[in-house]
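Subject: Structure for you to look at

Hi,

Here is the structure I promised to pass on. Please open it and keep it beside you while you read my notes.

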Amino acid sequence: MASEAVPERTGRAAEVAHGLRAYGLIVRLWIRSTLAYRTSFVLMAVGNFAASALDFVAIVLMFSQIDALGGFTLPEVAFLYGTATLSLGLADLLLGSMDRLGSRVRDGTLDTLLLRPVPVFAQVAADRFALRRLGRIGQALLVLGWSVTRIDVDWTAGRVLLAVVTALSGAAIFAAVFTAGAAFQFWAQDAAEVQNSFTYGGTTMLQYPPTVFAKDLVRGVTFLVPLAFVNWLPALRLMGRPDPLGLPGWADFLGPAVAALMCAGAGLAWRHGLRAYRSTGS
């Protein structure tokens, strides 16, 4: 039985490698297509940057009337904003096209993807790869860079590593939500807005301190849909703020583990949804 498990793991590894290569090739094609019209790309990226910046402008205007929000200063809220927006921006850049799956199921174009010798996930994820989404990432990095120079944190190597891991694991958590939302559309067919409520809506919530929300909501995004691990818990540790739920200190470092579990669960949901799919001609 052990000898049978080795080829199975090797087969899965080869499948993942094949998917990554296919994803990379499709992405490169879309990037080349985008850069063929450089002026248009620059304008769209700037527009994406500006649209994302409006959220932070609203926060700055709010702080023009108050000194603190839920006990957090503007630089501290800016740190929450930067980490949440950066994580979403990375996931949106890589998998933001997943919300189009429902329309493909409805109009039957998903059948075309099934006929190609390329993993369907790679095709859907890379479809219409939008390089303009770098505008959101750039804007988040600017706000994050400003905030880390203003918040009262002694940036040791360990804390810098925690901040980097937080951004990457947060991106993986959002990627899992994108994937699970896409898998749900195999049955719902028109559930993009449900997915967006957890991704874009969740990011908007994470941009603000957990202390401004009811504890039941904070519990929900910690234990049910664990978005709190995107930035709330590690950010509170970095800033020396108490956890409103009183969780043990080691919970602040669970972001990578939560991301891995969510990605595994989303992968299983995707496989199940794809197997359950019935062509419009069936």
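Where does R128 lie? R128 sits in the loop between helix 6 (120-126) and helix 7 (134-148). One caution before you go on: this is a predicted model.

Stay with R128 for a moment. Its phi is near 55°. That is a positive value in a residue other than glycine. R128 has 48% relative accessibility, so it counts as partly exposed.

Next, look at a helix pair. Helix 3 covers residues 74-95, and helix 9 covers residues 192-206. Their axes come within 8 Å. They cross at roughly 165°. Angles over 145 degrees count as roughly antiparallel. Helix 3 and helix 9 are therefore roughly antiparallel to each other. The crossing of helix 3 past helix 9 is right-handed.

Now the surface. L54, V57 and L61 form a nonpolar patch there. Together they have about 290 Å² of accessible area. V57 belongs to helix 2 (residues 38-63). Its relative accessible area is 38%, so V57 is partly exposed.

Last, find L261. Is L261 buried or exposed? L261 is exposed, because its relative accessible area is 66% and the exposed class begins over 50%. L261 is in helix 12 (residues 255-276). Then find A176. L261 and A176 are 85 residues apart in sequence. In space, they are 9.2 Å apart, C-alpha to C-alpha.

Best wishes

Note on methods:
Residues numbered from 1 in each chain as written. Predicted model: local features only at pLDDT ≥ 70, side-chain atom pairs only at ≥ 80, totals over all residues. Heavy atoms only, no water. Patch = residues over 30% accessible without salt bridge, like charges linked within 9 Å, V, L, I, M, F, W, Y side chains within 5 Å. Areas by Shrake-Rupley, 256 points an atom, 1.4 Å probe, with all protein chains shown as cover. Salt bridge = Lys/Arg side-chain N within 4 Å of Asp/Glu carboxyl O. Helix = DSSP H or I, 4+ residues; strand = E, 2+ residues; numbered from the N terminus. Buried < 20%, exposed > 50% of the residue type's maximum accessible area, 1.4 Å probe, protein only. Axes fitted to C-alpha atoms, helices over the stretch in contact; angles between N-to-C directions. Parallel < 35°, antiparallel > 145°, perpendicular 65-115°, else oblique. Left-handed = near helix turned anticlockwise from the far one by under 90°.
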